[in-house]
Structures are given as structure tokens and as C-alpha cells.
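Dear colleague,

Please find the structure below, together with a short account of what was found in it.

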Amino acid sequence: MTTRTMILVVLAVAACGRNDQRKVIARDVAVRPDLSHATQADLAVEVDQAERRGTWREVRKRWEGQRLHWTVTRHASLCASASACNVAAFPVKRPAQYGWLPGLTFAPGEYAKLDAWCGNTPSCEIEIEGTLSRLELSGELPTSVHFDRVRVLGAHKS
Amino acid sequence: MNKKLLSAAGLSIIAGAITATASSHREAPMIGEDQFADNTDVYAFISPGDSNKLVLVADYVPLLLPQSGPNFYRFAEDAQYDINIDNDGDAVPDWTYRYEFETAVKNGNTFLYNVGAVDSLDSPNLNVTQTYSLWKINRKDGSRQRIMSGAPVAPWNVGKRSFPNYEPVALQAIRDANGTKSFAGPRDEPFFVDLHVFDLLGVGGAPTTDGVNVMSLVLEVPITEIAKGGTRPTSSTDMTSVVGINASASRPQIRILRKGRDADDYGKMIQVSRLGWPLINEVIVPLKDKDKYNRSEPKNDVENFGAYILDPEVPKLLNLVLGAGCPATPAGGRTDIVGLLAPNGTKPADLLRINIAQGQTNAQSHFPNGRALADDVTDTLLTVACNNGGAIGDGVNANDKAFTTSFPYLASPHSGNP
């Protein structure tokens with residue numbers, strides 16, 4: 001191989017590498033939008049689409065790791081302690097369209113705040129901010145949602 | 001009790017929407033294509049003869065016609081049939097009793113299940129036989145103990161010519177190992193319900209599961225064998241006084257069909273069916289999630305399916321077709337149903353939970369504290385689901401055959417040629 005040929009090969013490889021990097025960056029930007037204002041209804045729409053299109057992985061990548069701000073319902077019997085807390089993402093609308101009840105792992109002190117606000121009220125609407133740490137989504141297993149580092153921003157007894 | 005019998009159209013539409021079959025018989029699309037791994041019902045009750053023992057019944061292979069020859073029903077050889085027990089309330093199994101089956105054919109040159117009258121399990125006339133190994137598996141550390149091996153499966157009740165006196169032959173299949181009794185084989189289908197839902201919205205009150213059989217696994221175990229710490233709890237209100245039971249079936253992940261020989265199975269075992277309470281996957285979980293339910297674990301039921309329990313479809317259907325007057329689901333959801341799934345503060349899950357504390361007796365073993373064979377769970381669950389202060393039923397209130405007071409408690413299977 002001549003020097004000129006070697007230079008061309010090196011340049012070509014480098015160029016391809018740069019293109020690949022640009023693609024990766026572009027793809028990451030495309031799949032990780034700002035979802036801070038997205039609601040559970042937005043997620044539900046994407047879950048439904050994923051069921052039809054088989055795009056479970058893409059949806060999971062878009063949502064996992066996002067810091068979200070949702071209003072959910074805390075039922076005392078399903079969230080009786082900081083270590084076992086699931087909340088309803090949607091109000092009762094017979095029959096339920098989705099089975100999942102997001103699980104919550106609280107930031108320090110936040111469950112105590114929730115407990116103080118809601119007490120033993122059977123049903124209490126709460127505003128939370130948390131990181132969607134796990135979104136189980138596939139054609140094989142049921143959908144499930146889990147939030148970490150949850151902060152409780154407000155509550156309204158119903 | 002004033003029971004409101006569902007009207008013909010009402011029952012049909014309700015049950016049709018629920019799914020079509022009995023407690024968990026062919027309840028989901030995929031398991032409907034895998035009959036031998038389809039578990040149908042689970043029962044758990046304190047033994048009527050010894051209150052220190054717990055009876056566990058797991059039924060599989062639904063709705064079997066007695067005259068189903070020449071290849072009469074059996075258990076699958078390539079499936080694992082598990083009875084799982086959670087003894088500390090976290091909805092994670094602590095013990096599993098696992099049945100694994102093998103089939104033998106004495107003479108492959110005949111199509112006959114038996115070549116003459118059969119008067120014992122050892123009869124040379126019994127051509128097709130099954131045996132099983134029963135394992136007790138510690139799910140915490142994975143250790144396994146084989147409790148029984150080569151235990152016989154009771155034969156099919158082919159007919160009066162083949163089995164002039166069937167039941168004594170079948171009961172020879174009972175095995176006892178250090179106080180643990182086991183029976184595997186065909187029995188009369190113990191679940192009773194009206195299934196005329198498929199006959200163009202047919203009548204209510206017809207005992208449509210009469211006359212059919214099912215494949216049963218029956219275990220009677222010392223309570224100390226399965227209780228947390230090996231001791232029967234003294235307080236009936238403690239979380240560990242309640243054990244949660246479910247049954248499941250698993251198949252190998254990969255099956256390769258061969259042109260010139262039998263299929264090969266590879267890979268780990270994948271759960272394809274499970275059941276704790278009757279009717280959960282039927283009436284609570286909607287069609288889109290039924291197969292996923294069968295593959296999932298009870299410990300995740302709230303996270304995966306909790307909203308369906310809080311906001312069930314059944315009352316709406318009862319109102320729609322029957323005008324049953326079921327009140328609207330409260331804004332707070334049906335937490336009463338969640339509570340039934342979580343006695344003594346246990347984690348809510350589709351597990352059949354029963355109190356095993358000292359002093360508990362067979363008389364107290366009635367759904368939802370365990371489930372006795374004669375419990376009319378359809379009526380109970382319809383009544384709970386509607387929650388209108390009255391009672392609702394399907395009009396079928398008892399099994400066609402009487403249950404027995406001795407092991408294995410289920411009635412003898414119907415004969416293929418009575």
C-alpha cells in the first residue's frame with residue numbers, strides 16, 4: 001500500500017467515525033427529549049403505540065431516567081409504608097384501561113411528609129416529582145413503572 | 001340468603017366478557033393452546049382428619065371428557081407443575097413442591113391404553129402408565145429434596161370393562177413420605193359453574209361442569225413443614241400466620257420439532273400458567289394482559305395489575321346486562337378487594353391465603369381464608385364484585401359429585417363407559 005493510499009484509507013475511516021458519532025449524537029437527542037412536562041396520559045399513549053408497533057425499547061429509552069412531575073392518587077392500603085408504596089396513575093374510570101400502579105421509592109423524609117398530609121385518608125391526590133427509574137415494557141411481561149427519589153410536592157384529600 | 005339468579009342474557013354476557021370458561025380453564029389466549037399446562041383451580045384447607053396438616057390441591061388440564069380415548073389425558077412430561085408457598089407475607093415463594101412426570105408404555109404394538117381388565121396399578125394389562133418425582137424446593141437457598149420418586153399416577157377411568165372397580169385401583173396411587181401425602185391423577189372436576197355462555201347467550205343455572213374430569217395434584221403436608229421457621233404460629237393475626245399459595249406450570253423455553261424423531265427441548269423453564277384466587281385472570285385482567293399475567297410473578301401483581309383490581313370491569317357488566325344495581329366504583333377504588341388479597345398485612349397478590357395458626361381447623365377453611373372444595377366461589381366473587389348489599393349467583397351451587405372426607409378428598413373421576 002502506498003503512502004497516498006494509506007492516507008486516503010485513514011481519512012476515510014476517520015470520516016466514517018465522525019459520521020457515526022454524529023449519528024449517535026443525533027439519535028440520542030431524538031430519543032431523549034425533555035419530558036419534564038409529560039403526564040401519565042402521554043406515557044400511556046406511547047405504551048399503546050409500542051404494543052402496536054413493537055417499539056417497546058424506544059419508548060423505554062425515551063422515558064427511563066426522566067425527572068417527571070405527576071399528579072397521582074395514593075390509596076392508603078396500597079401505600080402503607082415507605083418501603084411498599086404504589087399509587088394510581090389514573091382516576092377511577094370503570095373499567096381501568098391500564099393495570100399498572102407506579103411504585104415509589106421516596107427521597108429521605110418525603111414519605112413522612114406524605115403521611116402527615118394524607119394520614120389514613122383512604123384516597124388522597126398527591127403531586128409528586130420523581131425519576132422514572134424503571135419502565136418495564138415488552139411484548140412478554142406486563143407494563144410496570146417505578147419512580148426513585150420521589151419528592152411529595154402537595155396533597156389533596158378526596 | 002336471597003340470591004339473585006342472573007338472567008339468561010345477563011349471565012351470558014357477563015361470563016362471556018369475563019372469558020368463557022370456568023375458574024381458570026382456558027382463560028388466556030396462549031394457555032388455551034397448551035391444555036396440559038393450563039392450571040384451573042387451587043384449593044387449600046386444613047385437613048379434616050388432622051388439623052396439624054394442610055391440604056393443597058392444584059388442578060390442571062381443564063374440561064376433560066371421560067370418553068377421551070385412545071390417548072387418555074395425563075400430565076405433560078416436559079412441564080414442571082409447581083405448588084408455591086409464601087410463608088412470610090411478601091408474596092415471594094419460600095417453598096415449592098414440584099411434580100415432574102414420566103410416561104411408560106409396556107407394549108407399543110397396540111393402540112390400547114389397557115389390554116385387559118385392570119384390578120391394580122401393577123396389573124400387566126395397564127399398558128400406559130405415568131410416574132412422578134416430587135421435589136420440595138427451598139426457594140430461599142435453592143436447595144432441593146426429592147420427597148418421592150417413581151410414584152404412580154392414578155390411571156384414567158377408561159370404563160367399566162377396563163376398570164370393573166376403578167376407585168380402589170386409583171387410590172393405590174396415594175403415597176406417603178414422612179407424613180407428606182401425595183396423589184396425582186384424574187378426578188371429577190370439582191369446580192361448579194354455568195358455562196352456557198357460549199350457546200348464543202344461553203340459560204343461567206345449568207351445571208355445565210358436571211360430568212367432566214380434571215387432572216389433580218393433591219398434597220397433604222404437616223403445617224410445620226411449610227410454616228416460617230418450621231413452627232406453627234401461635235397468633236392468628238400475625239403476618240406469618242397466613243401462608244399464600246399459588247400453582248403454576250412451566251415449559252422449556254425452546255422446542256425444536258424434528259422430522260425424523262421426537263422433538264427436543266432446550267433452555268430454561270418458562271412459566272406459562274399460574275393461579276391463586278379463582279377468577280382473577282378471568283374477570284379482573286383484560287384480554288390484552290392475560291398472557292402476560294400468566295408469565296408474571298405474584299409479588300408484582302399490584303405494580304402490574306393493581307389498577308384492574310381497584311377499578312374492575314365486572315360490576316359495570318352486571319349493571320349493563322342485568323341491571324344489578326352495583327354501585328359505581330368509589331373514587332378511591334375497590335380497596336376492599338385489595339384488602340381481601342392482603343390479610344394480616346401481607347403484600348397484596350393473587351395468592352390463595354389461608355391462616356395456619358394454632359387452633360385453625362377445617363371448619364374455618366373457607367374462601368377467602370383458603371378454599372374448600374365445596375365453596376361456591378363464583379357466587380362469592382360476583383357478590384363481592386357487585387357490592388350492592390345483596391347476593392348474586394350463577395344458579396349453580398354445588399358439585400355434581402360429593403367430595404370425600406378422606407385423602408385425596410376429590411370425587412372419583414367420571415367413567416368413560418359407565
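The contact involves 24 residues from chain A and 26 residues from chain B, where two residues are in contact if their C-beta atoms, placed from the backbone, lie within 7 Å. On the side of chain B that touches chain A, the elements giving two or more residues are α5 (287–295), α6 (301–310) and α8 (335–340) of chain B. The most is given by α6(B), with eight residues. Helices (H or I, at least four residues) are DSSP runs, numbered from the N terminus. That side of chain B comprises nine nonpolar, nine polar and eight charged residues; Asp, Glu, Lys and Arg count as charged, Ala, Val, Leu, Ile, Met, Phe, Trp, Tyr, Cys and Pro as nonpolar, and the others, Gly among them, as polar.

This is a predicted model, in which local features need pLDDT of at least 70 and side-chain atom pairs count only at pLDDT 80 or more, while totals for chains, interfaces and linings use all residues. Residues are numbered from 1 along each chain as its sequence is written, and chains are lettered from A and ligands numbered from 1 in the order in which they are written.

In chain A, helix α2 covers residues 40–53. Its buried residues include A:L43, A:E46 and A:V47 (buried: 20 or more other C-beta atoms within 10 Å of its own; exposed: 12 or fewer; C-beta atoms placed from the backbone). These buried residues fall within an arc of 105° seen down the axis of α2(A), so they line one face of the helix; the arc is that of the directions from the helix axis to the C-beta atoms. On the other side, A:A41, A:R52 and A:R53 are exposed. After α2(A) comes A:G54, with a positive phi near 75°.

How values were computed. Expected span 1.5 Å × (residues − 1).
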